[in-house]
Structure formats: C-alpha cells, structure tokens
Amino acid sequence: MKLGESVTILWGVGEQRAKALEKLGIDTLEDLLLHYPRDYIDLTSPRNITDTVPGEICPVRASVFRKMGETIVKGGMRLYKAQVGDSEGVMNIVFFNNPYPLERLHTEQEALFYGKVEQASQGRVMYNPQVFPPDMKGLWPIYPLTKNISNGIMRHLIQLALPTADQIPEILPEAIREEYQLMDCVQAIRTAHAPENFQSLSQARRRLMFEELFVLAVSLGMLRTYAHDTKGIPMEPHSLEPFYQALPFALTEAQNRAIQDLIADMCQNTPANRLVQGDVGSGKTMVAAAGAYFAFLSGTQSAMMAPTELLAQQHYNGLSSLLGKLGMRLGLLTGSMTAAQKRKIRQALAEGEIDLCIGTHALLSEGVEFAKLGLVITDEQHRFGVAQRAGLSRKGNHPHTLVMSATPIPRTLALMVYGELDLSIIDELPPGRKPIKTYKISPPKRDRAFRFIREHLVQGRQAYIVCPLVEAADGTPPGLRDAVAYLETIKPAFTGFHLGLLHGKMRPAEKEHIMSAFSAGEIQLLVSTTVIEVGVDVPNATIMMVENAERFGLSQLHQLRGRVGRGTGESFCILLSDSRNMGTLERLKMLCDTNDGFRIAEYDLASRGPGNFLGWQQHGLPQLRIADLTTDGELVTQAQQAAHKVLEKDPFLASPENTALWKQMKKMMDSVGGRPN
Ligand code: ADP
Ligand code: MG
C-alpha cells in the first residue's frame, strides 16, 4: 500500500463509504492517518463492580450472567436488559431502543462495559454502556464522524491504513527534535490512533501540534523573508503639510501618531511592515491616504487592495477628490471592469501614469505591473489570506507595506499572524461622534421602529435595514427575512420615500449604482444584506435596523453597526429578534451596553471559546488539524523559535534535508490561496 493511494483500496470501502469519507476531507490513506481523534475513552484500568463508585464514568470488566429480553415501557420505549457480574458483585446493564449490543453478547461472555455507574433501588446499573472486548487496553479513540461512518468503522479503517505511516517523511530536523524532545513522526501518528496511556498520548499530541505550528511558522517566516529582510526603497523626508491643508477636518492625535509611525518606517532602509488597528469609524483610511501621498512625493506609486468592489469603489471616489487636489492621479481596478478598461489601467500603471491604484483581488492578477511600486496598502486585512497580501508586494521591488484592520485578535494569534509586524493602534474616534444608541426589540414593535425611521428620514437622514438573506429558497427556515421580499412588504409603510435594494447577488455595476445613489442621498432607505458590512461610509446615514439579529455574530453586528454613527448626527441601531435563548439575549444586550469593539471582541472570545473565535479563514490562516493557536501559546513560541533556526540556515528551504518540509509548507499555503513563489 502507498500513502497516496485512494481509500478505496481498503477492504470495506466501496463507493458509498468513499463518498462519506470525502465529506470529512479524506481521499487518500494519508488523509485517513491524519484524521486525528477528537477525544479518547480511558480503558486503562477496568474495575470490579464492587470497586465502582456511583456517579463515576469508568470501564467495568464483567461477564454476562443472563439476558432479560425486551420490555416496553410507557411511551413506547423499548428496554433491553442484562445482568452482568464478576466473582463478587452484579450490575444491570440497560439499552434504550437498541437491541444490537446484547444480541452480540452471549451468556457467560466477558466484556468491558464503559459508562456511568448509577445506584438504582435494585443495585448498580449502567445505561447504554459502550461494549469492548475484555482484553481491550489503553485509550480508545473517538473520531470526528459523518453520516454512514461509525466510530468503529473509522477506527478499523485507520488501523488498516496504519502500516503506511512508515512512509510519512520526517520533516522535523533531528536537532530540533532533540532540543524540544519530540518523538518521531511515525511513532506519534501511531500513538495518536492507539495510545497505551495518557503519558504517551500527550507526547504524541505535543509532537503533532508542534509540527503543525512549525510548518505554519516556517511558511509565515518565508513570506516575511520575501517582504522583509531586504533592502527597500528608503524615502526622503517631505512635508505632509499640503495634505493636512487639503483635509476637510483636523486629524485625531491617534491618526497623527499612526501616520508619523508609517512615515518614519518608510524612511528606513528595510521596508515598512505596519499594521494599523482601529475600531470601525476611527479613520484608518486617512492613514492610508497620507502614506500614499508620501509615497507620491517620493516619486513612487501605491496600490491599495480592498476586499469588496463596493469598498474599492468607495475608496476611489473618496480619495480621488482629496488626493486629486494634491496632483495625484488615481486609478481603479476591479474584476468586473471590461477587458478594455482593465487593459487601459494596466498600461497606465506600467507606464507610471497612475500614482495610487485602488482595487480588489484583481490587483493581484497576472499582467498587473507597476512602474515603481513604493507602498502596498491592504484594507480590512483579515479578509485576505496571508499569502495574498504577500502576492501584492511581489509586484514591486520590496515596497513598503501597510495593513489596516478593525478586528482585534488575541495575542498569541497576533504573534503568529503578524510576527514582526509593527503595530499602530488608533484608540480614538474623530471628535463629535456620539456613541451609537443600540436597542433590542422584538417583532411586535417593528411598526414603532418604522415610525421612528420615518421621522428621521423626514428630517433628511438616511437609514439601512439589514436582512440575513438575499432571497428565500426551499428550506429557508420560516421567519428568516430576505432582502428581496422584505423591500416589497415594507413599501406601504414607506410610501413617498425613496427605497433601494442592495445585495451580493447583484452585478457589480448595479451595486455601484445603488451605492452612489445612496451616497448622494437619492435613496433614503436602503434594504441590504451584509454586503455593507465592511467599510461602507455614508455619514448622513444615522439609523440601522437589523432583522433576525440573532443570526449574526457579535463582532459582525458591531461591524455592521459601524455603518452609522460616522457623522455628527445622533445615530441608532435597532436589533430585531424574537429569540428567547438566554445566551443570545445576553449577547445582544452586550451590544446595547457598549460601543467598544475591543471589549466586544473579548466578550465574543470568552462566550464562544477560542476555537470558534472568528474562525481561521477570517485571518487568512490555514485550518489547523490538531493545534490551537489561541490556547497552545507556549508551543507556538517554541515552534516559532525552531522555525527561525531552520530558516536562518536555509532561508529558501533549498537543501535536500528540507525538501519534505518545503512540500508540507507548499501544501499549507496552497490551502489559503497562494504561497511564496
Ligand atoms: P475606518 O477606520 O472604519 O476605515 P474611515 O476611514 O472610513 O474609518 O472613516 C470614517 C469616517 O470618519 C469617514 O467619513 C471619514 O471621512 C471620517 N473621518 C476620518 N477622520 C476624521 C477626523 N479626524 N475628523 C472627522 N472625521 C473624520
Ligand atoms: Mg475602513
């Protein structure tokens, strides 16, 4: 058997099982071996019945004394009972609605019964125990499963594939394994699937987690080598005074600090590599604008990548007037433009006729070349893969980079994702902002909310209503609002007002048209989906209502709410929900109580657990199989140290001993859409 062969070569895997396994991401024997248990049942020390304590969950070794057959109780439930025992005691076992375990046991047969021992009036009893052969030892693996694949089958298939583990190449250099006392990879994989005790299991897991974090750290390290560690384009100091003069407002202290940080970086020999983190509405765009202007004064071009066309378009509109006044030429490049339009922009870029090009992923595409790229800006960076970000930098000769994000992340995660990235925090909102007043209401109050919205529209304000769906389809749970139908149903309540619809399924040009009509005040009330979540900036919009608020994550609601409260008018956010779930109500209340994005993120982290926090993909990181960046802090640090050592000696992983590591790194980076070189 070969590691790379399909699971279908295993006895017992037909088309149906192969399909089911595919759902778990398992195609090859190797995938099967890397499908690690999520938990284990401890069978290491079976008990005698008399040694058990009621309430305890444990394995009991006993023989079947007699089977009592089936009884039907009130409500129609079927019970299958047997009495089991050893030389000193007896215990009943009972299965609900499941005759099979007892059918497989004959009288006098010995077995291990695993479950919770309870004290009933007739003596000890165990309900629905798991049954194992009597000589079973060690820890029994529990796997993540899917329909049609039971735990027993999964374990069996993995045992069949286990001999091929020998073919898995060791990617950790011997010296590293010695220094951090890590077992070899074949042993670790074997142990993970069939551990004898907790001690060997924890060593195996440590090794596997280390490896995963190590590969990640090496990948990120290599990305950085390309971006960092190299000579950049040191820029000469220039006065930003004209920029400040052109602004319609004075910048906040925090904005000024971030700009100073960035400019200082850009005057260094090594390329700037700075993250600007600031809550929604804190004015991060101005930092980017200042950077682009500075790059322009130094005779170079800038590129600014945004995650959506809408946002790119909006940045383009907003910055064109500001920077245009300063003599800069701006360009826009998005996927939906015609081939001819794109060609024109590409040519202008290559000939140096555009000073700041704003765009989407389209900026990354082949054929986009810059005459002299000096600064690369990524807005809402968490929306991009780490590799994508680096991809844009490679369009220039080690340009300076600036990334901007409103999403705060836990420290260990930040270390891993950003490593040596320098950080500027904008911890202050522009003056005059009043906190957004947030209320949670239930559907009977919807009409009152509409009245409230109408009053504000009459005063010249604008509003958003956000629905969780674009269009209802078969299988949509009842009660979920969809934007398309919603617009129709609310028309009578808003006769005489200009309404608009915006959602992700519309063509980009259509979206753009609607958005500029809303910006210009021609649309007063916009019914929308979460397409407006990031970045959309219309200061005159002061009310946001969110239907089915329970469907959204807290941080997401906070981002959405950030679309209002962007001007000096008093702003409101109305969360509509009929949920009675205590947890949900508490989360929504949290949002009503605070406007502080960092606190909300912390709360989100605490209430959902680190595993679910924001999700890997949101940070552009690969899904990890076994390690958890948010909890395995110490191991993260060790893996990073080890990665450093390896990259110091062999920065491009070119030596033969690092070939397997290189392959592994490529695989990981491919999974997030791109890799260094
Ligand atoms: P974000 O940090 O969410 O990207 P933006 O850069 O979109 O925030 O800025 C939000 C709004 O605040 C914009 O309308 C912008 O013009 C305005 N703004 C930015 N800085 C200031 C300032 N110093 N004073 C007043 N308004 C500002
Ligand atoms: Mg922004």
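In this predicted model, begin by selecting helix 11, residues 309-324, together with helix 17, residues 508-519, whose axes lie 10 Å apart and pack at an angle of about 50 degrees. Because of that angle, helix 11 is oblique to helix 17, and the crossing in which helix 11 passes helix 17 is right-handed. To see where they touch, show the side chains of Glu 309, Leu 310, Gln 313 and Asn 317 on helix 11, and those of Pro 508, Lys 511, Glu 512 and Met 515 on helix 17, as these residues make the contact. Coloured by class, this contact of helix 11 with helix 17 shows three nonpolar, two polar and three charged residues.

Next, select helix 16, residues 483-490, where the buried residues are Ala 483, Tyr 486, Leu 487 and Ile 490. If you look down the axis of helix 16, these buried residues fall within an arc of 100 degrees, so they line one face of the helix. Among the elements that cover the buried residues of helix 16 are helix 15 (446-458), strand 17 (462-466) and strand 20 (541-546).

Finally, turn to helix 18, residues 554-561, and helix 19, residues 582-593, whose axes come within 10 Å and cross at roughly 35 degrees, in a right-handed crossing. Here Leu 554, Leu 557, His 558 and Arg 561 of helix 18 meet Arg 587, Leu 588, Met 590 and Leu 591 of helix 19, and the residues of this contact divide into five nonpolar, one polar and two charged.

How values were computed:
Residues numbered from 1 in each chain as written. Chains lettered and ligands numbered in written order. Predicted model: local features only at pLDDT ≥ 70, side-chain atom pairs only at ≥ 80, totals over all residues. Heavy atoms only, no water. Axes fitted to C-alpha atoms, helices over the stretch in contact; angles between N-to-C directions. Helix = DSSP H or I, 4+ residues; strand = E, 2+ residues; numbered from the N terminus. Parallel < 35°, antiparallel > 145°, perpendicular 65-115°, else oblique. Left-handed = near helix turned anticlockwise from the far one by under 90°. Contact = heavy atoms within 4.5 Å. Nonpolar A, V, L, I, M, F, W, Y, C, P; charged D, E, K, R; others polar. Buried < 20%, exposed > 50% of the residue type's maximum accessible area, 1.4 Å probe, protein only. Arc of directions from axis to C-beta.
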